[in-house]
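Colleague: Could you walk me through this model, beginning with the ligand and then moving on to the strands?

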Amino acid sequence: MSIKIENLTHIYNPKSPFETKALDNINLQIESGEFIGLIGHTGSGKSTLIQHLNGLLKSTEGKVIINGLDITNKDTKLSDIRKKVGLVFQYPEYQLFEETIFKDIAFGPTNLNLSEEEIEKRVKESMQQVNLDFEELKDRSPFELSGGQKRRVAIAGILAMKPEILILDEPTAGLDPKGRDEILEQINSLHKENNITIILVSHSMEDIARYVNRIIVMHKSKVVLTGPPKEIFKEYEMLEGIGLGVPQVTDLTKKLLDNGIELNNEIITVEEAKQEILKWIRRKNNA
Ligand SMILES: Nc1ncnc2c1ncn2[C@@H]1O[C@H](COP(=O)(O)OP(=O)(O)OP(=O)(O)O)[C@@H](O)[C@H]1O
């Protein structure tokens, strides 16, 4: 499913002393199957933007078009859109409420009036997708789980709706490095295996650089950069200027380059850096 955003502006508390323009004339096109990293400093407008993608917020001006359908049009049935656009909020584990993990994940599919067999199939599948053991966990309370496991239950609940667009707002917030890597790997597999459109909201360039096809950078309610990670990281000074920076390994490479060590300046993973440095050492030894 594709997303087109045209001249989207959102003002909170208009015409009051608390008026805030959270989105200022946003224009974006996201193609079906893209894996997007949406990044920006706190308060830049990321959460406001994603809430427009399934009609949770109403635009002050502008349009949001999902697969050709204008969801800002008052005649569009938002319930149909919400079945296809799955939104995982920040700290989704706080929204778990059922007495068993099965019931929690089955909540969305049950509301779709699916058969019991289909609901069970979807709960099993979505638990597998986030690496949770169905037999071991289905009858347990979600509240007995660790923070990372609770988050996976919450994500499984959205996956069980079989969304065609999956939006995750800071899915790694508050997790330890291992938990962060696991969640990101699972999201990456979901993208590879199902080719759904994914939008991953993050503060961290490190988190998204390895996985996404394209980065959208927001700053002060506007989209200021968009492109593949390697292109975005060339805008080093601008990213520093808006408090985002680049992944540490890209930063290190730049510093080595500035000091006369000839490396490819498009490095975004530790593995790429390792290979480039080894090549440089070999060149040096052969000279
Ligand atoms: N419900 C609201 N009412 C009034 N102002 C709001 C509301 N939600 C957000 N804002 C304001 O809109 C601006 C954008 O906020 P938003 O939450 O979209 O940013 P963000 O980039 O998602 O930030 P974070 O990374 O901290 O989640 C901020 O100035 C914020 O204070």
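Modeller: The ligand is surrounded by Tyr12, Asn13, Thr20, Ala22, Gly40, Thr42, Gly43, Ser44, Gly45, Lys46, Ser47 and Thr48, where a residue counts as near if its C-beta atom, placed from the backbone, lies within 6 Å of the molecule. This is a predicted model, in which local features need pLDDT of at least 70 and side-chain atom pairs count only at pLDDT 80 or more, while totals for chains, interfaces and linings use all residues. Residues are numbered from 1 along each chain as its sequence is written.

Colleague: Which element gives the most to that shell around the ligand?

Modeller: Helix 1 does, with three residues, and strand 2 (20–30) and helix 1 (46–51) each supply at least two; helices (H or I, at least four residues) and strands (E, at least two) are DSSP runs, numbered from the N terminus.

Colleague: Switching topic, is strand 7 largely enclosed or open?

Modeller: Five of the five residues of strand 7 (residues 165–169) are buried, so strand 7 is largely enclosed by the rest of the structure; buried means that 20 or more other C-beta atoms lie within 10 Å of a residue's own, with C-beta atoms placed from the backbone. Ile165, Ile167 and Asp169 lie on one side and Leu166 and Leu168 on the other.

Colleague: And which strands pair with strand 7?

Modeller: Strand 6 (residues 85–88) pairs with strand 7 in the parallel sense over four bridges, with valine 88 opposite leucine 168, and strand 8 (residues 197–202) runs parallel to strand 7, joined by five bridges; pairing requires that DSSP finds at least two bridges between two strands.

Colleague: What is the bridge partner of isoleucine 165 in strand 8?

Modeller: That partner is threonine 197.

Definitions and conventions. Buried ≥ 20, exposed ≤ 12 C-beta atoms within 10 Å, placed from the backbone.
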